[in-house]
Amino acid sequence: MEIGIIGAGASTVGLLDALARLAREPGAVTVFEPSPHRWRGRAFGPDLASVRVNTPPMIMSARHGDPAHYARWLEECEASHLDRRLGHQTVPRGMYGDYLEQTAESALARLRELGWRTEVVDERVTGMSPSDRPTLLTGAGRRHTVDVAVLAVGSGAPQDHYGLSGSQGFLRDPYPLASTLDDLAPERDVAIVGSGLTAVDIVVSLARRGHAGRISLLSRDGVLPAVWQRPLKIEPRYLTADRLTALAREHGELTLGRLRSLLDAELGQDLGELIEEVRATRSEDPVERLRRQLSLIDSPGMGRRVVQQTVHALGPYAWHLLRRTDRDMLRNEHFRTIASLSSPMVPGNAAAMLELLDAGQLAVVPGVRKIEPVEGGFQIFTDVGVRSADVVINAVNPPPHSIPENAGALVSSMLASRVAELHPDGGLNVQAATGRLTVSGKADPRLYALGDLAGGGLFITTSIAGLAARAEAVARVLLAI
Ligand SMILES: Cc1cc2nc3c(=O)[nH]c(=O)nc-3n(C[C@H](O)[C@H](O)[C@H](O)COP(=O)(O)OP(=O)(O)OC[C@H]3O[C@@H](n4cnc5c(N)ncnc54)[C@H](O)[C@@H]3O)c2cc1C
């Protein structure tokens, strides 16, 4: 079988690793990737040392079923980036990219040992002509016919909410920070649009570079990511796929009420603390919330820990079973709270943020309504007044399941020839179990989507562990095992 994989980021690394572990027969695989930083994707290219991974090692393994795969790699390369409060290594993301690269190269070598033909083409795929065997067209005019094509194109760059593109002093895409921050004079007054993990990367990197000017985090509601607690082993007894399936089967669908009863059973007396945490996410002063959470890194309470684990591990499965109205409610009303609690910042970054906030150099500015370019800088209009900035850096994540610019031409050609259709909530329609693209409910065994392009999934960015799990599931379908 000839497989064409479009994009060489973490999803593809997980897929190649799974193919290499599971394949028994020879085959062929061609990977298309225009970026010079193969296997790293948007998140894990070379960048400043201050741009760190956001998650502890045990959930950063690209090998599904082997959670210690990455931790072993860290040990072998004698990494020394301990986040002492977390008690784990949080290495620069570029270094995690080295892990992805080595995992991909080992997988390709193993496939070749098994008799596979492997090739990596440094070109963007710009179209697909459908037939029994799809033909992938590249920007340089190459045509490549395959038996199956897997789209693993990632998600896009930040959106320009305030229409500032082209304005002097506006940095639309912050990464790599090594180049965007390079020309920034240390005394400039910097405003960052967004208050999520990308904003945290920018603040911490500015601090490490010795930035002396004011830094403002602009957002609508001023919610910062929560802070990781020291990981403790969690083996859910109630929040399991089997229980969810049984509930959905018994009642025809899963509701939030029933999900909450599982959470109640799982957490017992820790549920109250979690409910308080959920309430505090939007109502507590963000600086006090950060300070409080930094003081709770070692607290034994399991509420947040269970949320962090289950949102990523079980969330995508639960999402498909949930009643439509409950899904809409979670997406529309609780997005910030769930994103904040399930994708926290590492304690080292939290401590650096708090130091700047306490020193008065950093401010969290909620209630932002509009930002306008003016002579020599920007004016920021909030619910309570107007402030200024010399430079605006964009840290707004693309909406979930958005189609990245680099894949726009390819996806358009697939929509035009009716081999793909858009999911109403973003991305392409896929069959959840197999990853196959679907059109009018019919799954196509030739075409697959992995990662954020697969529509219909949970609305938070898929983590490495989630991507690796999906990649292995697709590998099993491709190899028919
Ligand atoms: C800044 C950032 C930090 C993150 N940090 C973490 C973290 O610490 N821990 C964690 O668990 N998760 C993290 N994530 C979330 C998630 O794990 C990553 O986004 C993950 O790397 C996504 O992998 P992917 O392969 O699906 O997409 P990507 O890594 O984005 O890779 C997609 C690739 O497809 C290529 N491509 C696109 N279009 C085409 C085309 N037409 N032809 C050929 N190639 C194409 C792109 O060039 C790109 O290399 C982070 C995400 C971001 C954005």
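**Figure 1. The charged end of K370 sits over the ring of F381.** The distance from that charged end to the centre of the F381 ring is 4.8 Å. A charge is said to sit over a ring if NZ of Lys or CZ of Arg is within 6 Å of the ring centre and within 35 degrees of the ring normal. Before you move on, please note that this is a predicted model, in which local features need pLDDT of at least 70, side-chain atom pairs count only at pLDDT 80 or more, and totals for chains, interfaces and linings use all residues. Residues are numbered from 1 along each chain as its sequence is written, and side-chain values use heavy atoms, with hydrogens and water left out.

**Figure 2. Y70 and W73 form a stacked aromatic pair.** A pair of aromatic rings is described by the distance of the centres and the angle of the planes. Rings of Phe, Tyr and Trp (its six-membered ring) pair if their centres lie within 6.5 Å; planes under 30 degrees apart count as stacked, over 60 as edge-to-face and the rest as tilted. By this rule there are eight aromatic pairs. One of them joins Y70 and W73, with 6.2 Å centre to centre and 20 degrees between the planes. Both residues lie in helix α2 (residues 69–76), three residues apart, which is about one turn of the helix. Helices (H or I, at least four residues) and strands (E, at least two) are DSSP runs, numbered from the N terminus. Are Y70 and W73 buried or exposed? Y70 counts as buried at 1% relative accessibility, and W73 counts as buried at 12%. Here, buried means under 20% relative accessible area, exposed over 50%, and partly exposed in between (1.4 Å probe, protein chains only). Look around this pair and you will find one aromatic cluster, formed by F44, Y70, W73, Y96 and Y99.

**Figure 3. W319 and F459 make an edge-to-face pair.** Why is this pair called edge-to-face? The ring centres of W319 and F459 are 5.3 Å apart and the planes stand at 70 degrees, so the pair is edge-to-face. W319 lies in helix α11 (residues 315–321), while F459 is in the loop between β19 (442–449) and α16 (464–478), so the pair ties together parts that are 140 residues apart in sequence. W319 is buried, with a relative accessible area of 2%, and F459 is buried too, at 4%.

**Figure 4. A shell of 31 residues surrounds the ligand.** The closest are S11, E33, N54, T55 and N406. A residue is near a molecule if one of its heavy atoms lies within 4 Å of it. In the side chain of E33, an N or O atom is 2.6 Å from an oxygen atom of the ligand. A backbone N or O atom of T462 lies 3.5 Å from a ligand oxygen atom. Taken alone, the ligand exposes 990 Å², and the protein buries 89% of that; accessible areas come from the Shrake-Rupley method with a 1.4 Å probe, and for residues only the protein chains shown count as cover. The elements that give two or more residues to this shell are α1 (10–22) and α16.

**Figure 5. S219 sits in a loop between β12 (215–218) and α6 (241–251).** S219 is buried, with a relative accessible area of 9%. What does the side chain of S219 reach? The S219 side chain reaches the backbone nitrogen of G222 at 2.7 Å.

Terms used: A polar contact is a pair of N or O atoms within 3.5 Å; within protein, one must be able to donate a hydrogen and the other to accept it, and residues adjacent in sequence count only if both atoms are side-chain atoms.
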